[in-house]
Amino acid sequence: MAVREAEPVGSLQEVQDAGLDREDLLGIYRNLLITRGIEERGHILYKQGKIPGSFYTGRGNEASAVGVATAMGADDVGCPLQRDMGVHVTHGVEPWRIFAQYMGRAGGPTQGRDGNVHIGDAKLGLHAMVSHLPAMLPVAVGMALAFRIREERRVAIAWCGEGAANRGDAHEGMNFAGVRQLPVVFVIDNNQWTYSTPTHLEYAAEHLADRAAGYGFEGVVVDGTDVLAVYREAKRAIEKARAGGGPTLVESVTLRMEGHAVHDDASYVPKEMFEEWSRRDPIDRFRTWLLDNAALRPDEEDELTSGVKRLLNDALQRADESPLPDPSDLLDGVFAEPEALDTPHHK
Amino acid sequence: MAEKTYLQAISDGLRQEMRRDQRVFVMGEDVGAYGGAFKVTLGFQEEFGPWRVLDMPLSETAIVGGATGAALMGLRPVAEMQFADFVSCAWDHLVTVAAKQHYRAGTPIPIVVRLPSGGGFSGGPFHSQNPESSFAHIPGLKIVCPATPEDAKGLLVSAIEDPNPVLFFEHKHLYRRIKGEVPDGRYTIPFGQARTHRAGDDITVVTWGAMVYTAEEAAEQLDAEGVSVEILDLRTLIPWDRTAVLDSVRRTSKVLVLHEDTRTGGFGAEIVATIAEEAFEHLDAPVKRIAAPDSPVPFSPTLEQAFIPQVDGVVAGLRDLAAY
Amino acid sequence: MSATGTQIEVVMPQMGVSVSEGTVTKWLKQPGEAIAMDEPLLEISTDKVDTEIPSPGEGIVAQILVPEGETVEVGTVLAVIAPAGLEAVAAPAVEAPAPAAAAPVAETPAPAGQTAAPAASGSEPQSAPPAAAAPALSAPGQIGNGRTFVSPVVARIAAEHGVDPGAVPGTGTGGRVTKKDILAYIEAGPRAAPAEIQRTPPPVVAPSAETPVPAVLTPPAPAPVAAAAAPAAAARPAATQPAVELGPGEVEEPMTAMRRGVMEHMRRSLDTSAHVSSAIEVDMSRIVAARERLKPEYQASYGVNPTYLAFIARATVETLKDYPWINAEIRGEQIVTRAFVNLGIAVALEEGKGLIVPVIKNAQDMNLLGTARAIADLAQRARTKKLLPDDVQGGTFTITNPGGYGTFHGTPIISQPQVGILGTYALVKRPWVIQDELGQDVIAIRPIMNITLTYDHRLVDGALSGGFLRDLRERLEGWDDSSS
């Protein structure tokens, strides 16, 4: 199977044929704005000393994250990574809890036990990432295995960066998924820089999607700044998996528009790359598309942007006023009690 | 009740649980068509089908990581490492994801990883280890080491029930050598509860796994010499039965900690430290530790016998303690 | 980041996990200038990155504490912003501190350094284990004299029983005394031990025969007791009572043997010992609480009441360990001390028939529960006249408890040949001065008990008795969950 390069999305009609109406599109735009708003706000908080530890964002990856997340079904699950804040936002994680997580508060999804973007609300089908990337990739494959065993029409999404894709976990997970044709979609966020390492020092294949053939399934490369193209490819891959067609490897190409983390100014990235890719800013790009193809009105836009601003200000205030974790709880939860399992064992 | 080998008890326990609970399934290398390298799952694939007895690729991370993912989705996987030694390939997943997931994300990981461990048959450095202590050090993992057929079955059922990742070390040198009475029905054995393998007054031996039998032979000899040796089989290392150990130490005031794993940093060190901290005023002799020396497990029989603690060595140690 | 009431502090952020300091490269605002929320306030440089710092607040820049070019630790306060509305006050104040800013600036990094350093040094001792390896316990024989090495358990048992390990034959390596050795030794004859120490082997029974305790005079049923009493009675002139002259309205009745015994003993006791009494008031709140806590369990599991007397008896026995002279006896010109406490508990017999003092043998080996049970058992047997001679002999110290009548003080008479007797009195709720959590005096209502020690000043001085009472009080006032 040759690698296919996805084409951009055209008209509103084409989009509606793919299952998205105008409401959905405005919803996508809103999620993009919230994602960027959270991360921009986070940067400021970090520099104000309000966020401990380190701070990672995914500027430039918003469309890739939101696009895939929008294509997921209600019962699908996934393991997003640090550039995929858009996935959490699209799945409905409240912004105040994301700020609380950043600030290590007790009200964050990990209750202060883990930091930054290591979040995942299991009730929303998202499972928190780990620093040893891509440790959660074989786990996502295991989730797909459960669906296959139980013959459920659900899909697991495994995110991976273009650097993490080179570690054994990725290989073992993908191979196993291919062998058993499990309902999992592998999304590689290829933002072209693994910290300071450019792709030609990171892998030798022309496209990472080329590897899919080695695992026995299809690969596709898509422009990660085009949220609708990402949506279309993700949807195709997810529905194929759901129907029993096995895995797909979707390589979503963007540029990481900031440093690896907030303490990295990315001075190793050639200025021209930044200039070129900032012209392809995913949010600007979609806004233009909405204006050209969906008749986005100024009042609609104002309402959206001011609504997002209010949402985030309120969220930040709420998080700021929420308590830090109590040290006496430190050892709670190292081990789970049987009550933590959601179904009785003997059923 | 019936007399079964240690291996049969494990196999029966696993089969019973798979019949009882649809969510329990087995994944490992050669566990399906071949019935497992040690034949623990012989006949399982015929009974339960290829999607509940999965022949996995040679891929420990896919096996253990996959188990974690399936457990997150509500299944109860029992993963098998073909030899305990290979768990080092999945060490990262176990300590990075499985051990920490509940603590930081609130989602329990009810997986069991079965690990044929131990030496004594010239398995060499990569088929003979007892890699329990590095995992015992990582909070969030439970460690189980049964010595008898009855305990093996009951502890396996408890392991499957437990909502936490459980590393189940089956000593492969006991598989067919040890027989015992095993109840036919379903039963569980709680973790953190030692079993008094032999009651005694003069010396306490704390041990687990195959070393229980080595200790027993040594205790018989000491008995003939008028020294009464008590043997505590810990059965589980995380959690371990501190109360039973400390109570016994308070009675006998002399302790020998015995394990087949290597000495430095072996789990025995944790037990000895605890005794020194909490039973100092009850000690009538320094705490003694007998373990394998700090080397890889050697292959040639003469070397391996010098490596694995033998009955003679334990007898000598017990005599030293008795005379002190 | 903190807003101390009205002011907002701007701190050096941590730009990356391993970064510990930053340099102020450029102030974009000066004191007195207005600044908006999130507006860039200054530029910094760190190992990893140069960046702008957005203002955490809105108002007027009140103070700049770290000048351009200075490198400070993460967390150092760089500037202070006065929120809008205060600028009228802040502005003039700003000029004055500004020239002085040089001084605070020099100091500011230091506190940060100081707070950072102790954290670092504080963690070091924890992470660096004591370098000395655990001393290898050489086999006793290697020390040269096996009898000088005592293992922890032997040391503990020896201490608990007041046995000198050097007196015990050892069968361990090099002649070491093993746990078995010392346990066997203790079982074989605890009486032998005090004999060794005294170097005279008088049976313990003998002193009682010579100087009978009034308690010896139980009702006639137990023959040996009567026999023991007989010599005492016989020591008196034969019971010929001189004729008594009676005036109008006077009636005579004969004394019982017990009454005569008490009469004799009380007089003799006062003639023998130099009686002095000291008193101390004890705040029994904790005992009251402990008793409430333990009562249900003791009743349910043991059928016994944890009485105040049981607590006091327990605490007394513990305290006596530190005051062997108060548990001693004068024989001739020798002071005889013991490793054991045989605690006499005075029991009043019914209908004023007299006083009996059964003895809890080896009370030092009992915890609170044991003490409570022993007291309950002896009291019951005393009332039902089931005491045996051994139960009323050999006491080394006595507690008497007249407080049941409500009396708050007394001066009991010492039971010979002992040298001390503790009196406990009514537990009364009194207004009491205590210190609150700020160390200030407040009045609380506390259950207070007066306790007296009557002691023989031939042996025991005021300082010793004072120390004893003080320590006893400490034990009672400090009773907690770990006490037993």
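Trainee: What makes up the secondary structure of chain A?
Mentor: Chain A comes to 12 helices and 8 strands; helices (H or I, at least four residues) and strands (E, at least two) are DSSP runs, numbered from the N terminus. This is a predicted model, where local features need pLDDT of at least 70 and side-chain atom pairs count only at pLDDT 80 or more, while totals for chains, interfaces and linings use all residues. Residues are numbered from 1 along each chain as its sequence is written, with chains lettered from A and ligands numbered from 1 in the order in which they are written.

Trainee: Why are α13(C) and α14(C) called oblique to each other?
Mentor: Helix α13 (residues 308–320) and helix α14 (residues 368–383) of chain C pack at about 120 degrees, their axes 9 Å apart. Under 35 degrees counts as roughly parallel, over 145 as roughly antiparallel, 65 to 115 as roughly perpendicular and the rest as oblique. The pair is therefore oblique.

Trainee: Which residues of α13(C) and α14(C) meet?
Mentor: Among them are C:Leu309 and C:Phe311 in α13(C), and C:Leu368 and C:Ile375 in α14(C); contact requires C-beta atoms, placed from the backbone, within 7 Å. The residues of this contact divide into 7 nonpolar, 1 polar and 1 charged. Ala, Val, Leu, Ile, Met, Phe, Trp, Tyr, Cys and Pro count as nonpolar, Asp, Glu, Lys and Arg as charged, and the others, Gly among them, as polar.

Notes. Axes are lines fitted to C-alpha atoms, for helices over the stretch in contact, and angles run from 0 to 180 degrees between N-to-C directions. Two residues are in contact if their C-beta atoms, placed from the backbone, lie within 7 Å.
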